[in-house]
Each structure stands twice: as structure tokens, then as C-alpha cells.
Number of protein chains: 4
Amino acid sequence: MQLGMIGLGRMGANIVRRIVRDGHTAVGHERHQGHITELTNELGDSFRGSTDLREFVGMLDAPRVVWVMIPAGATGAAIDQLAELLEPGDIIIDGGNSRYHEDIERSKALAPKGIHYLDIGTSGGVFGLERGFCLMIGGEAEQVRYLEPLFESIAPGVEAAPRTPGRTGEPTPAERGWLHCGPAGAGHFVKMVHNGIEYGAMAAYAEGLNILDHANVGAVRGDGEHSAEETPLEHPEYYQYDLDIPEITEVWRRGSVVASWLLDLTASALYADPNLDSYSGRVSDSGEGRWTIDAAIDTAVPVPVLAAALFQRFSSRGEALYADKMLSAMRKAFGGHNELPPK
Amino acid sequence: MQLGMIGLGRMGANIVRRIVRDGHTAVGHERHQGHITELTNELGDSFRGSTDLREFVGMLDAPRVVWVMIPAGATGAAIDQLAELLEPGDIIIDGGNSRYHEDIERSKALAPKGIHYLDIGTSGGVFGLERGFCLMIGGEAEQVRYLEPLFESIAPGVEAAPRTPGRTGEPTPAERGWLHCGPAGAGHFVKMVHNGIEYGAMAAYAEGLNILDHANVGAVRGDGEHSAEETPLEHPEYYQYDLDIPEITEVWRRGSVVASWLLDLTASALYADPNLDSYSGRVSDSGEGRWTIDAAIDTAVPVPVLAAALFQRFSSRGEALYADKMLSAMRKAFGGHNELPPK
Amino acid sequence: MQLGMIGLGRMGANIVRRIVRDGHTAVGHERHQGHITELTNELGDSFRGSTDLREFVGMLDAPRVVWVMIPAGATGAAIDQLAELLEPGDIIIDGGNSRYHEDIERSKALAPKGIHYLDIGTSGGVFGLERGFCLMIGGEAEQVRYLEPLFESIAPGVEAAPRTPGRTGEPTPAERGWLHCGPAGAGHFVKMVHNGIEYGAMAAYAEGLNILDHANVGAVRGDGEHSAEETPLEHPEYYQYDLDIPEITEVWRRGSVVASWLLDLTASALYADPNLDSYSGRVSDSGEGRWTIDAAIDTAVPVPVLAAALFQRFSSRGEALYADKMLSAMRKAFGGHNELPPK
Amino acid sequence: MQLGMIGLGRMGANIVRRIVRDGHTAVGHERHQGHITELTNELGDSFRGSTDLREFVGMLDAPRVVWVMIPAGATGAAIDQLAELLEPGDIIIDGGNSRYHEDIERSKALAPKGIHYLDIGTSGGVFGLERGFCLMIGGEAEQVRYLEPLFESIAPGVEAAPRTPGRTGEPTPAERGWLHCGPAGAGHFVKMVHNGIEYGAMAAYAEGLNILDHANVGAVRGDGEHSAEETPLEHPEYYQYDLDIPEITEVWRRGSVVASWLLDLTASALYADPNLDSYSGRVSDSGEGRWTIDAAIDTAVPVPVLAAALFQRFSSRGEALYADKMLSAMRKAFGGHNELPPK
């Protein structure tokens, strides 16, 4: 099968590599010739590409299948341009991190032109080439069926995890790493919630490890001074541990309830940089975590954990400062309390 | 009636002033002669004091009533020393912010000596002289009854707030501003929860005002760059307001549902320092907020709001840093994301 | 001055009463004749009304001032109908709880017709007649100035609260209980955040009082059975208090840091129904609390307390059930744990 | 090597099976003869046991190694009894879920008798026999070294997970699944935080899946009625998805960022019971989650996610009811709002 790919960054290029590996061919489009040349050199006859969108479309066989894999903010314009050049029966895939609302609107806008639209939430990050990509797909069933050979090449396959007890016979697509979740937007909806969960799980590890990092405060701080401004540590004898956090994340990887791929990565990051000296602690967020909370609020679903995880990211970037100053101002006002200087 | 006061800081001195105003007399003890001299000059014959604890005790008439009003961390030792000098029938009051566990133990330890013990959670801060102090009292009913004349002078009195609809006849002690909450520790237990609520309510205002402070980000930031590292503002047109936060807190003081004494103080602080330039945003916490959460956990009470308020104070002091770095490290590991520099 | 009021429910009728009290006149519109007749009987010549919208408009002198005070969901349609009947120079006020996004759009849509639009967040609830209403106003400065006489009658006035220390001279409008917050939408934006704060502050009280309600679990439950499914209470001796929560809320009203109008209402509710037997605990939410979190997320403001307060309302209505079942299913899966029956 | 095991429940028996499999021998003690007989039949000469503690101790060779694997609430008494029968040089292991404070005290109390004490946090649940147990060990280095052969048999071994990139040469003990974390209590401290993280991660999945479960509310509820008591769904068209949650959890197991053992179990539970009909949603908690928050509060570590996860468990058991009623009472008081009936 042939796939057109717009955007040959890490994710796009690795999807191309996985399908070519399985005997499919690919055509790429990118503003920068560099990425195209690189992939041409690497993949030989199985790959062609052009920096010109019209030329790119011309290289594709009908029905054209074009996967758009670029930053969410630029996707809309790119699809609009692309749609101008496509024909009835062609298929556009948005594999980026668009908000699912846009999928609903785009698929409606494209329908009168006979252009099909799939939204595919794609998880796997920088490891996707090797591990395969987890695909969460929204759109019409017919197009999903048509593209199944590509999905099989891109997704990790059933061997990527032990089969769930009780599941027998032919593995379902989900067991092979891709799933048709529902109509337009369903793929990005599921991917959005996936990322919301990711934020929550990441925060769970980060908070827990932070406690481990503080396990020696009894030795470091003693029981504090006796002031009305600071709570002394009641039991300094309970916080005398110098814990080896890199080794702890390593031991949890084997046999424990919190073993996970995120933990694997955490152990890996801590092995490379045991004190996390290369990070400043300003944590970005990229849309899905926010939209997850929005969706929860719309549907009245309580998500205290997912929301707390998001808010901590905001705080890490200094966005709580005004509120914190306000608290200090109130304390000063009712109790005459002055702020303590940083330690 | 005569009251002995150990600790002549702002709270202790103001309690003395309130009772003397009503015709009672007071004896004070402090390490520093300065505070004693000051009060003697101010209050004349109604006040005497000594820097020597034994001499202080000697100035008191039996049954002695000694109110200890010093930082929580120093209270235990002070009471131990004091108890050595007292006699059966005397009464010790801990008016500070001790953990109520200690009240339970202290009252048990003092009982065999015939010394009575009351724990009195005292709220009112720097405004107590003028507004009166709200007294939450734990201990034996007999001693509470005996000290009623003092409580009446220290507490704000029934006029301090409109009577609750339906309440008629002789106002209860609670309506006059003091309450016998229960046996030993009950006073500090109620005061502890009071402060836990205070933390939550303060955070509610601070978070809301922080949103008001961000109401212009659409004008300031525009819709951001299109990067995978930062979510663009979807609707910059919704965030174009330059709000006058000092005036907003002022208008809420009259007629709104969130009118409160904390809001009065907030409006006052913002009037004096409209941009909060005199604060750095490092918010202290002083025990009760923490113990409130501990008590909630012991008794399986969900307190997501009170806990979030406490944790934000920790974060304001930089205690989330290790966790934040960990999140950045994970993001780097799975997605190749680099931290954005501070704006 | 003359005011037209659409919607004569409690809020609308009380605003009419307050302005008539000050010598203004009012014209009302309502689907039900009952409310109109009632007000006519009560207010005499100062009030007229009609169930017919066109007739209502005909009763108004140009430039017409029409305040719409109906549920948010119905406001849009009502304003559209009304605008058809108005003329250039007339003023529409949305005094309900519309989302401020709609104000921005509406004011734009009405501008070409020469109709002015103000959004007024109105706080005061059922007590507004007596206490006055706190008015947060968005729109053009000229119209706000024009309507000042009405705002002065509706708002509580400067006597409603002690003046903030340092404020002298002629009180600002905010000190009198009304504020021009900014252009279209600013009034409802500020009211939205006001309600978000309200949710947080309410939750702070509710959580704290719930701890007080559990203060006797050591007596009731003892130290529990020793099972792997339930944490025994480590120190039952610390939870032996039978606290009088109605009296505690009463005592906090005088002199304490948490004194507030919400606390006044809480004390009142508890005096009338000490065990809250008339409530089931299903807590509604009405939009502003949700929109506050949405706005915080848009602007990257951390609001852990306000969000936790909202989510607890969702939980109170059973919306966490699926998540809770999922947790039980996981515990069963990894630990063989069975759910304990309800106590 | 020989191991004595007190408590032959699932965890204890499986530890015995794993060491016997590797050529070690075991001696068991249990109140019920049944478990002993069963293991004797299964393991032949490698296992003996007694319901009598003294007889059990007599079957052990000096220096005796006794692993206590019983519910946390009963561990203290069991160790006291056991210590009476042991001799200098013997080793007691607490493999249960004791609070680490107790380890610090116990190890001190046993030291004068020459009895060594290790605390071993043991994770693995019902799958430990097959997957091995993750061991987090506190105590003296010499005893840890001595028992290494047993730990090697009980832990999963290096093959249980791919080696972390960069790690070469002889795998560390942590890579083999066991770790000497530090002095007395360090093992249970690390296990406690492990479980805290587990609570947070579980909640992240549960909340996210709950959103998926609500993805069809636009179809089910429409846009709601227009009442002041309930927020209508602004965009019902965005919530029309009927998602197959069991298949979604399955697809996430392969290639996605949230792949984890907890997710494997979740997929498994959902495959067996797609609608979770066998659960009521009353979620237990068993100590470590609570103690984790206590430790965070002691050391001023912000843990909003871990705490929210714990509090939701309390809520799931009805412990928020009083607070929820209070909120309804306040809403009634200021706004005249009545609670809506359950849907």
C-alpha cells in the first residue's frame, strides 16, 4: 500500500520507516528538503518526496491516503490546503494532537467534497520506531478497514504484551495495537484522555519520589526553630534516610505493582542524571491534559487527580505567584506574620 | 478576677488589656522586662509583672489562674516549669496553638497534682484588642464556669454579629464569642479545624484573584507560538480584560456571597499595596493546617480542598522542585521534549 | 428613573422593590400574570407590567432600559426577541448568570442596531432586598454612568461594611457596592470568578465541619478490626469528642478569622436543622463554577482548591461511581481484595 | 538456606514456594493446620510446619531466620511473642505492611537481646509466585548480605524487565528485584511511598476511564433542562461516543505511554466483567496511602495528586456525606436552591 506523509519529523519519519519495513511505499512532504533527502537515502525506491505540496499530491496514486503529522496549531491550515488538491475518495488522516472538536468539524466540511477523514491519536513518542505506535482511530468504518494493512505495520503487534488472561483465538485489532474507537473525533478523544491519564500517572511518580527525596529532612533540618512562622518537625528521628532514588526506581521495575513504561523511562532518566541537574523544573503541557479536564467538566466527571496534575505543571512555571503573594498578604493582615526568607 | 499571663506578646498583652478594661486585674510574666514595664505604665494598678517565674507565681492569689500564651514549640517546657510551682486547685490555660494531643496528655499528667488544665484555641490575631477574641475551650466544665467572667471580657460579645435568625432570649456563650467545646483537647481541636478552614478559604480567594490577574493574557500573549511544547490560547479574544483587583475585592465586601473578614483584610492589603510588591510569595504554614489534614486522614474524612490549600503553601516555598524536575525528565525521555526557557 | 424588568422571580422583583423604594419607577414583564399583579398591588403607581413583551416595551420611555433577569439558558432567546422591539439608544442589561463569552458576542451583534448592552453579575441571593445587591458591571462607560442612579439604589451602599482602613473622602462606586469592571463581558467574568471562589470557600467550611462531625469516631468505631482491608484507627483516644457543631459555627461568627456571610448562613442553617436531616447531599452546580475552572485552564492558572470544590459536587451526585468501581476492580485484580460491605 | 515463615496466606505461601523451587527449605507456622498440611503435601521434604509457635521455633536451625507475613495490625504482638523464643544472632523479618515508625522502635527494642530485625516491603500481590516479589529492605547491611540467597530466589530477577539503557556489567541487586534501602524502617518507608504512588496511578486510570464512560452523555441527556439548578451541556454534539472501554484499555497496553502492569490488570478485569457489575464502588484503603500523605505533610512535600486519590477512596465509602449536606444547606440558605432529586 502507499502512504503520503506530510511532516517528516521524528514521528512522521518513523511511521514511514515502519511501513516501508513491511513492504509498503511512502511519499513525503516537508518544507525542508533535508528530511526528504535523508529518508530517500535511507529507504531507496520505497520513498519519494517533495517540498512542493502540489507535486507531492501528484506523486500519490488514487485513492490518495495522506497522513498529516505536524504540530496541532498548524494542522488546520495544512489540511485546508491539502483538501483543495485532493479528489473524491481520497483519505486525509490527522495523526497529530488536534482537539477532537476540530475533527468533528473537519470531517463534516470535507464530506461534501467526497474526501474521507480519519483522526488517529498516535502514542509512542521517540520510541515508536522500535516499539510500534499505539493507534486510536476515529472515522468511518469503511476507510478504517481499507487502511488496515498500514495500521498493522505501524502498530506494535500482539507480541508487544502478554495476552490478557481469557483472551483466545484471533487477536482483536486492539490486541495488535490499533483500535477503531468510533466516528469522527473518537480517536483524538481517546488519545486526549490517554494523555490526561499520563499527566496523572506522571505526577503520582513525581510526587512519591519527591517524598523519598525529602526522607532525610530530619537529619538536615533538625526540629527547626520554635517560631510561630514555621512548623517544627515533630519527629526528626523518622526522617533520617538517605535513599538512592535511581536504584529504587530500578527495583520497582521488577515485580512491583507500579511497574510501567513511565517507570522504565524514569529509571533511565535517573540513571543518566541521578540528581536531575539538567532540568530546571519548568514543566510544559501541550493541550490534551487541559482538554481532558474541560471534557470532564462538561460531562460532570470528578477528576481531582488529573486536574491536580495539570495545575502542578502550571505552578511549576510560576503561574501561582500572584496567588501566593495574596496568601502572604492575608497572613500579614490578620496575624502580622512576615514572610520568612528563603533558606 | 485575677489572671496570670505568661507571654506578653501581641496576643497575650491584648488579652490582658481587655480584661483590665472590664475591671479585672492581671499579673504578667515575660523574659524581657520591657513588655512588663510597658504594660505597667499603661495599665497602672491593675497590672503587675515579673521576669522571674517564681516571683510571678507568688504575685497570684489562690486559686491561681495562669494563661500561657507563647509559641507552640515552647509551651510544653513552660507548663512543666509552671506546674512545679503551682498548688492543687490552680488552673493552667494553654491559649497557644498546641496540638490537641498534647492537651490530652498534659491534662492527664496534671490531674494527680490537682492542677486543672484548659486548652483555649484563641482566634482574632492582631485585631483582637478591638474585635475581641473568639475562644474555643476544652477542659472540665467546673473550671470553665469558674472563669466565665474572664471569658466574657476577652470574647467579642453578642453585639459583634447580628443574631442568627430564630435565636431569641438569653444569648448562649457561643453567641457571646466563647464556647466550652468539650473535654481536654476539644478547644484546640476546634481551633485546629478552624485554621484548616482558614487555609482553604484563603486559597479560594487567592486562586480566584489569580484568575482575575490573568484576565488580560489574550492581549499580552496573543495566541502563542505554534509549538508542540506550549498550548496556544484558543480564544485570546476572551482574555482582554485589565481588571482593577483592589476595587473588585472592595465591591465584593458589600452584598456579595463571598463577603467575609478575610475579604475585608484582602481589600485592605490590596489598597495599601495594589500590586503586592512587598511580598515574595513564600507562604508559611504554622501547624494547624497540617494537623487538620492528619485528623481528616485518621478519621477517613475527604478534605481535597483543605489539603490542596496546604500543598500550595508547600509549593510556594519551592518544595515541589524535585517533582517538577522529574516530570521534565519523563517528558524528555518519552517525547524528546526540552524544557522551555522562562518567559 | 425608569427601569424595565424582564423576569419577576425573587431576584428581579427585589431589584424592582429596591429602586421603587428610592423613588424610581419600574415596568415588568413575566409570562405569569400572578407575579405582575402581586407587585402592582404592593408598589402602587410606581409599577406597571404586562405579560405581553410588545406591550411591555410600549410602556417604557425612550431611551428604554431593560434588565433581563431570567435563567441563563433562556436569556439568549429573550434578548433576541427583545432586541427586535427596541430602538437605537436603548439599553439591554443581562443581569443573570450568562457565560461572559455570550456577552462579548451579544454586544457585538447589538452594536450595529445602536442598542447598548451591559452585563451585570448580581450577587445577593434571597437576601438582596434587605442587604442590597453587589453589582459587577461590564459594558461601555457612558451607559454605566447614565444608569448610576439605579445602581445606587440597587447596591448596598457604603454603610454596608466598615470602610477599608486608609480609604477616605468620597467613597468609590465599589465602596458603595457596584463596580464598572470593564468592557462587555467583564461583569460576568468577575461574577463567574466570584462564584468560583464561593464554591471553594463553601467547600472549605463543609470539609472542616465534616472533620468535626467525625471527631467521635474513636468512641464509635474503636480501633477497628485487624484486616488487610481496613486501616485501624491508630489512636482512638484522640477521637472521642461529641462536638456541638451548630454552636461552633455560632462562636466562629464573632472575632474569628473565618467569620463570613457564608458562615452566618451556615450557623443559621444548622440552628434550624442541627443534623441536616432535610438534605440528601446531592449538590448542584450552576455553571459559573465550571466556567471558572475553564478560564483558569485557558490562562494556565493553577486552581487546585476551586477545582477540587467543583469535583466534590460532581462526586456528591454519584458521578464518580464508575471510577470507584474501577479502583475496586484493580484492587481485586492485583491483591485479591474483596470490597467490604457498607457499615 | 532455611527460612521460617509465620503466616501462610497467599503471600507467605508463595514466598515459601519460590525459595523451595530454588533448593532452599522452609518451616511454617500458622494457626490453622490446613495451610500447613497443604504446603507439606505440595512441597514434600522441603517444608515442615507447626501450629505451635514454640515447636515452630524448635524446627529452625540457628541462626534462625523468621519472616513474619501477617496483617499489619497483628504483627506487633506476633513479633513480641516470637522474640521471647529466639536467641542472639537470630533474625526477624517483618514482610507485612507495618508502619515504618514501628520498625524503628522494634529494631531498637530487639537490639539489646542481640536479635536482628529487617523490614521488607514486599510488592507483587497475588501474582508474586509467577512474577516474583519486589523487595524493599531496611535494616543492617550484614544481615541483608547474609540473606542474599533468599532474596535472589524471592525477587523476580534481572530478566523480568529489559535492562535500563546504559546499565552494563553485573546487574545490581535492584536490577534483580531487591534493594537494601537503608537502616531500620527504610524498607517499609519505600514500600509506603510505593503504595502512595500506586493509589495515585490507579486514580489516574480510573478518572480517565470514567471520562470515557461519560463520552455519550450528549446523546443520553441532550442539553438538559434550563434551570438555575443544573448546568446544561453546552455542546451535546461533542459527547456522542459509545466507547468500548475494555478494548481501549487493551490497545493502550501496546506502544502507548500509559502501558503498565496496572493497565494490564485493568484490561484483564474489564475483559472479565466489561461493565464492572461485580463491584459496588466502595474502595478500601489499607494504611500506606494514608501514611504516605502523613509523611509528605511532615516533610512539607506537596502531594496534591496522591492526596486526592486517597480522599476519593474515602468519598467512595460515603464519608463526604455530611460535607455534601452542608453544601446543600448553604445553597438553600443564600439562594433558596432546593436539591434536585436523583436522576
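## Exercise 1: Placing a proline

Pro173(D) sits in helix 9 of chain D, which covers residues 173-176. Keep in mind that you're looking at a predicted model.

**Task.** Work out whether Pro173(D) is buried, partly exposed or exposed.

**Solution.** Start with the number: the relative accessible area of Pro173(D) is 29%. Next, bring in the cut-offs: buried means under 20% and exposed means over 50%. The value of 29% falls in between, so Pro173(D) is partly exposed.

**Task.** Find how far apart the C-alpha atoms of Pro173(D) and Arg254(D) are.

**Solution.** Along the chain, these two are 81 residues apart.

## Exercise 2: Where chain A meets chain C

**Task.** Describe the contact between chain A and chain C.

**Solution.** First, count who takes part: 21 residues from chain A and 21 residues from chain C. Then look at the area: about 1,600 Å² is buried between the two chains, with carbon and sulfur atoms giving 74% of that. On the chain A side, Ile297(A), Pro302(A) and Phe311(A) lose the most area to chain C, together making up 39% of what that side buries.

Now for the elements: helix 14 (288-298) and helix 15 (304-316) of chain A each supply at least two residues of the side touching chain C. Sorted by class, that side of chain A has 15 nonpolar, one polar and five charged residues.

**Task.** How many salt bridges and polar contacts cross this interface?

**Solution.** For salt bridges between chain A and chain C, the rule finds zero. For polar contacts, the rule finds two residue pairs across the interface, both at pLDDT 80 or more.

Methods: Residues are numbered from 1 along each chain as its sequence is written. Chains are lettered from A and ligands numbered from 1 in the order in which they are written. This is a predicted model: local features need pLDDT of at least 70, side-chain atom pairs count only at pLDDT 80 or more; totals for chains, interfaces and linings use all residues. Side-chain values use heavy atoms; hydrogens and water are left out. Contact means heavy atoms within 4.5 Å. Buried area is the accessible area (1.4 Å probe) that two parts lose on being put together, summed over both. A salt bridge is a side-chain nitrogen of Lys or Arg within 4 Å of a carboxyl oxygen of Asp or Glu. A polar contact is a pair of N or O atoms within 3.5 Å; within protein, one must be able to donate a hydrogen and the other to accept it, and residues adjacent in sequence count only if both atoms are side-chain atoms. Helices (H or I, at least four residues) and strands (E, at least two) are DSSP runs, numbered from the N terminus. Ala, Val, Leu, Ile, Met, Phe, Trp, Tyr, Cys and Pro count as nonpolar, Asp, Glu, Lys and Arg as charged, and the others, Gly among them, as polar. Buried means under 20% relative accessible area, exposed over 50%, partly exposed in between (1.4 Å probe, protein chains only).
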